[in-house]
Amino acid sequence: RIEIYRTLHVYEMSASSEGAPVTLAPEFDRDCTEYTAQVPQGAENITLNLQYPHENEDRPCGYYMDVTCGSQEKRLEFVNDTLLPVELALDPLQKTETIAVTVGCQDSAAKPGQYTIRLEKLPPVTAEFQVEPAEASILVVSELSGQRAWPDDTGTFILMQGHSYRYTLTC
């Protein structure tokens, strides 16, 4: 017996967390189904941008994507060739989390495509600056997100691993 079916794929996938891009490893390829990504341990959410296969107007099959992370489950319905963002809350107490993406179709001849992203959470690092004169101010900004990092009460900056920062000293 020969069984013929088509396997469905995500056509484009990218991610960001709190305004900063998140790199998928390996780089996204619709035929690769296992990915890893790193986010700061304190990240509260991640946003995936997903693109469906192209819908055939003569024979629509009713594409959908199911996205899960922990106890969260979200279903995305097909919207032309638009990248669909889906935001997922992250658990800051977990060191790793897994996101599953299933692309499916109401057409029974199609086999759902399964993708997995394993999120590794990186602990923050601290940075202290010793400047002369002591009342000089220092501005630290993330190159990825453009957001300013603020020092705590002791003057220590909490920075995220894997991010590049620029600093400016003003006397």
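Strand β13 (residues 137-142) pairs with β14 in the antiparallel sense, over 2 bridges. The structure described here is a predicted model.

β13 belongs to an open sheet of 3 strands, in the order β14-β13-β16, with antiparallel pairing. β14 and β16 (165-170) are the edge strands, and each of them pairs on one side only.

## Chain overview

The chain contains 16 strands and 0 helices. It has 171 residues, and 35% of them count as buried. Contacts between residues at least 6 apart in sequence were also classed by separation: 64% of these join residues at least 24 apart.

## Sheet β3-β2-β5-β8

Another open sheet is formed by 4 strands in the order β3-β2-β5-β8, and its pairing is antiparallel. β3 and β8 stand at the edges with a single partner strand each, so one side of each has no neighbour in the sheet. On average, neighbouring strands of this sheet are turned by 30 degrees against each other, direction ignored.

Within the sheet, β2 and β5 pair in the antiparallel sense over 5 bridges. Ala15 stands opposite Leu48, a residue of β5. As background, strands of a sheet pair through backbone hydrogen bonds, in either a parallel or an antiparallel arrangement.

In soluble globular proteins, nonpolar side chains tend to be buried together. The largest nonpolar core here has 32 residues, of which Leu50 and Ile99 touch the most other members. At least two residues of this core come from each of β2 (12-17), β4, β5 (45-51), β6 (63-69), β8 (84-89), β9 (96-105) and β11 (113-122). There is also a second, separate core of 6 residues, which includes Ala127, Val140, Ala149 and Phe157.

What does Ile99 touch, not counting residues up to four places away in sequence? The list consists of Ile46, Leu48, Val67, Thr68, Cys69, Leu88, Tyr115, Thr116, Ile117 and Leu119. Leu48, one of these residues, is also the residue that Ala15 stands opposite.

## Ala25 and its loop

Ala25 is located in the loop between β3 (20-22) and β4 (34-40).

Leaving aside neighbours within four places in sequence, Ala25 is in contact with Glu34, Tyr35 and Thr36. Thr36 is 11 residues from Ala25 in sequence, and the C-alpha to C-alpha distance between them is 5.3 Å.

## Largest pocket

Rolling a probe the size of a water molecule over the atoms shows where empty space is left. The largest pocket holds about 330 Å³ of space. It is lined by 18 residues, and those closest to its centre are Glu18, Pro40, Gln147, Met160 and His163.

Which strands each supply at least two residues of the lining of the largest pocket? They are β14 (148-149) and β15 (157-160). β15 gives the most to this lining, with 3 residues.

Methods: Residues are numbered from 1 along each chain as its sequence is written. This is a predicted model: local features need pLDDT of at least 70, side-chain atom pairs count only at pLDDT 80 or more; totals for chains, interfaces and linings use all residues. Side-chain values use heavy atoms; hydrogens and water are left out. Contact means heavy atoms within 4.5 Å. A nonpolar core is a set of buried Ala, Val, Leu, Ile, Met, Phe, Trp, Tyr and Cys residues joined through side-chain atoms within 4.5 Å. Buried means under 20% relative accessible area, exposed over 50%, partly exposed in between (1.4 Å probe, protein chains only). Two strands pair if DSSP finds at least two bridges between them. Axes are lines fitted to C-alpha atoms, for helices over the stretch in contact, and angles run from 0 to 180 degrees between N-to-C directions. On a 1 Å grid over the protein atoms alone, a cavity is a set of points where a 1.4 Å probe fits but cannot get out, and a pocket is an open set with protein on both sides within 12 Å along at least five of seven lines; lining residues have an atom within 4 Å of a point. Grid points are joined across faces, edges and corners, and a volume is the space filled by probe spheres set on the points.
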